[in-house]
Amino acid sequence: LEIWSRAKYVHTKMNITRERERERRGVTPPTYRSSQRMAGVLARIGSFGGGFPDQKVMKGHEGTIRQCCFSSDGRLAVTASGDHTGRVWDLDTAACVSVMGSCPKNLTGGGIGTGHEHVVSGCDFSPDCTLVCTSSNDKAVRIWRASNGECLAILQGHMQIVNCCRWSPDGQAVISGSSDRSIRGWRLQDNGDGDMSKFKWGDGTVLEFAFGDCSSSLSEEHKDTDEFQRLAFKRREHLPNMKCLLTTMQSHTGSIAALDFSPGAGLESGFIASVGSDMVPHVWDCKKALSIDTAKNSLLVKMTPHKRAALTCAFSPNGQTLATGGQDCCVLLHSVADGSLLREVTVGDSYVTCVAFVGFDDTATPSTDDAYLLVSTGATKIKVLSLGDPSFQKNLPAAGRAVNTLALTRRSQAWQGQLGLLIGGGDNALVYVPKFTI
């Protein structure tokens, strides 16, 4: 029996509370910072993958990088971080182009900066590379100008934290997935025109849309609701020509962890994939999901479930295959056409945090021998699986830190026609490999 003084008990309890708060906010505890700084140094001098001699390391975030994405032209990258900010990076110069929001001075103590008021969980570029959408644990989705980090719109309607967001390939909609078990489709319109790249917005005016009844799809005029009055800290300027159309997709029985659009998806065609804590991957008809009248009936198929929570999903470049990964340390490959399971691969003893397809040519057709899947496992290694050879597994050089997210593009700024690779993880840095090969 150990008898503690009240002072020792209170001090110990406060330390435990701080550690839990840091984990919840995605902030690395100070006790690990020295080792992470060393990992960052090792990465800079080339120990991050001896096979990546041309890598660039971009630092600036003060929290774990939760997601990274390429712009469609391969010249920019965007990151979402536990420090409450998103950042846009120039991949040619490795410089930070803009910071979306600000990191609070008292990050681990509940401080609030400008922009998102909590962990930024997801990010994506608009197809024309001028805008960025972000999701956050503050239950909101925001739209920003990529060039200067100006906040243009705040979309509120989720009742729990928002875990992910994606921009439709046709540029007409943003979707978001939340712990409230729903997927929202957000379509902003200016005098009926849904092309957000043409909007005359910004210049100090922030559009804020808040929906009080989020159990169904609805069309909301640009006006204040009771829910908006409760959530918003300041009133926005009334712009009667602006309108937000909200659609709601509900079928999951747990929180939504990840979303993806099939190539070319939008208001007229394509698919949406979703995975979450209920373990069952879903595929939705994109045209129906983004229409107010048909969103409730947009679910197409439920895929073979994982054994534990699913964390990530990605369509192949031809849209015919869906890859999902999760806490069961497995990658599942599904046929989009009929939902059948094509293959199951166990990748070790670590969670699968991100998947990306490699080896498709310019016509989005997998080559016979060179189609692969990159898999980050939350550990320090990225695994490579062959789509043609089930027995093939390969580890890329060790990253020296936990890998949370990765992204690939064929349009690499430095090497036209080659693959570019982005890797984000636990040392708060973004690594760019401009000439990536398996």
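This is a predicted model: local features need pLDDT of at least 70, side-chain atom pairs count only at pLDDT 80 or more; totals for chains, interfaces and linings use all residues.

Start by selecting β26, residues 382–386. Five of its five residues are buried. Look at both faces: I382, V384 and S386 sit on one side, K383 and L385 on the other.

L374 is the residue opposite V384. Five residues separate β25 and β26 in their hairpin, and in that turn G378 has a positive phi of about 80°.

Next, bring in β27, residues 393–395, paired with β26 in the antiparallel sense over three bridges. Here L385 faces Q393. A hairpin of six residues takes you from β26 to β27.

Move on to the open sheet: its four strands come in the order β1-β30-β29-β28, with antiparallel pairing. The edges are β1 (56–58) and β28 (403–409), each pairing on one side only. From one strand to the next, the twist averages 20°. Zoom in on β28 and β29 (residues 419–425), where six bridges make the antiparallel pair, and find A407 with its bridge partner L422.

Last stop: the largest nonpolar core, 22 residues, where I143, L188, M196, W201 and F209 have the most contacts inside it. Elements giving two or more residues to this core include β8 (140–145) and β12 (182–190). Center on I143 and show its contacts, among them V132, L152, W167, L188 and W201.

Conventions
Residues are numbered from 1 along each chain as its sequence is written. Side-chain values use heavy atoms; hydrogens and water are left out. A nonpolar core is a set of buried Ala, Val, Leu, Ile, Met, Phe, Trp, Tyr and Cys residues joined through side-chain atoms within 4.5 Å. Buried means under 20% relative accessible area, exposed over 50%, partly exposed in between (1.4 Å probe, protein chains only). Contact means heavy atoms within 4.5 Å. Two strands pair if DSSP finds at least two bridges between them. Axes are lines fitted to C-alpha atoms, for helices over the stretch in contact, and angles run from 0 to 180 degrees between N-to-C directions. Lists of a residue's contacts leave out its neighbours within four places in sequence.
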